[in-house]
Amino acid sequence: MSNTDLSTKGVRIQRRAKDESVVVEDLLAVEEPLEIRLSYRGKQGVLASRGISITMRTPGADEELAAGFLATEGIVSSYEDIEDISIGSGEDNSGLGLAPNIARVALQEGVDVDFEQLSRHVFTSSSCGVCGKATLEALSARGLKRIEEGGFCMTSDVLRSLPGKLLEHQRTFAQTGGLHATALVDPSGEIFDVAEDVGRHNAMDKLLGRRFLAGEWPLSKHLILVSGRASFELVQKAL
């Protein structure tokens with residue numbers, strides 16, 4: 001089977017029911033590596049480049065994913081900190097056919113990067129957004145502030161209706177059954193933006209990165225809805 005959507009891949013499977021077996025066409029969610037690489041001005045203004053993360057993600061919205069990761073890790077505080085984002089392929093040196101796409105993010109001159117806090121010594125999987133952090137101190141992203149009281153209110157009835165509404169927006173999940181989703185919701189319960197990914201923290205980064213690049217931060221008048229558990233890294237990214 002061929003499929004033009006990079007987030008899914010068509011396959012033939014053998015489906016069994018009791019004593020019957022039939023070959024049918026099915027659709028799977030794709031998981032491939034993405035490297036996020038920074039270009040910045042180092043000491044004495046020398047242009048430097050450094051990879052800071054590799055994550056297994058569902059292809060698509062890679063620019064938003066990279067921007068969201070940088071923003072929620074506290075590396076950049078405004079879309080104006082980013083000069084350019086480009087997506088290109090790398091070389092497959094793994095022997096496994098896993099040549100990663102590379103999101104190259106050029107920072108504006110003068111943007112300071114704390115690489116010690118970003119230090120990651122092991123692979124970042126699609127299921128864990130903090131795996132590989134070298135120290136406990138590195139778990140705390142820069143720029144976190146307490147939420148001011150009285151900024152957002154939603155009724156309990158509206159809140160309980162949201163999971164069902166989210167399912168209606170999960171197009172790729174409906175096709176594959178294998179993706180997480182993150183949605184942006186207003187106080188009335190309207191879902192007006194959704195991102196999907198095999199990794200729940202990637203879905204969050206894609207959604208927030210899209211708004212970040214549009215200059216629409218902060219989002220304190222909105223609720224973030226996730227399809228899975230509210231894990232540590234998701235709560236921190238939302239904050």
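Predicted model: local features only at pLDDT ≥ 70, side-chain atom pairs only at ≥ 80, totals over all residues.

Colleague: How is a pocket found, and how much space lies in the largest pocket here?

Modeller: The general idea is that rolling a probe the size of a water molecule over the atoms shows where empty space is left. In this case the largest pocket holds about 1200 Å³.

Colleague: Which elements supply at least two residues each to that lining?

Modeller: Helix 1 (62-72), helix 5 (200-213), strand 9 (223-226) and helix 6 (232-238). Helix 6 gives the most, with four residues. By residue type, the lining splits into 20 nonpolar, 11 polar and eight charged.

Colleague: Helix 1 is in that list. How many of its residues are buried?

Modeller: Nine of the 11, so helix 1 is mostly covered, counting a residue as buried when its relative accessible area is under 20%. Among the buried ones are Asp62, Leu65, Phe69, Leu70 and Thr72. The cover over them includes strand 3 (32-41), strand 4 (47-57), strand 5 (82-89) and strand 6 (101-107), along with helix 5 and helix 6. Following helix 1 you'll find Gly74, with a positive phi near 80°.

Colleague: What about nonpolar cores?

Modeller: In soluble globular proteins, nonpolar side chains tend to be buried together. Here the largest nonpolar core has 22 residues, and Leu38, Ile52, Leu70, Ile75, Val76, Val105 and Leu107 touch the most other members. Strand 3, helix 1, strand 5 and strand 6 each give two or more residues to this core, and helix 1 has the largest share, with six. Apart from it lies another core of 11 residues, including Met154, Leu166, Val185 and Val194.

Colleague: And how do I read aromatic rings?

Modeller: A pair of aromatic rings is described by the distance of the centres and the angle of the planes. This structure has one aromatic pair. Phe212 and Trp217 make it, edge-to-face, with 5.0 Å from centre to centre and 75° between the planes.

Colleague: Is Phe212 buried or exposed, and why does Trp217 count as partly exposed?

Modeller: Phe212 is buried, because its relative accessible area is 2%. Trp217 counts as partly exposed because its relative accessibility is 32%, and buried would need under 20%, exposed over 50%.

How values were computed: Residues numbered from 1 in each chain as written. Heavy atoms only, no water. 1 Å grid on protein atoms, 1.4 Å probe; cavity = no way out; pocket = protein on both sides within 12 Å on 5 of 7 lines; lining within 4 Å. Points joined across faces, edges and corners; volume = space filled by probe spheres on them. Nonpolar A, V, L, I, M, F, W, Y, C, P; charged D, E, K, R; others polar. Buried < 20%, exposed > 50% of the residue type's maximum accessible area, 1.4 Å probe, protein only. Contact = heavy atoms within 4.5 Å. Phe/Tyr/Trp six-rings, centres within 6.5 Å; stacked < 30°, edge-to-face > 60°. Core = buried A, V, L, I, M, F, W, Y, C linked by side-chain atoms within 4.5 Å.
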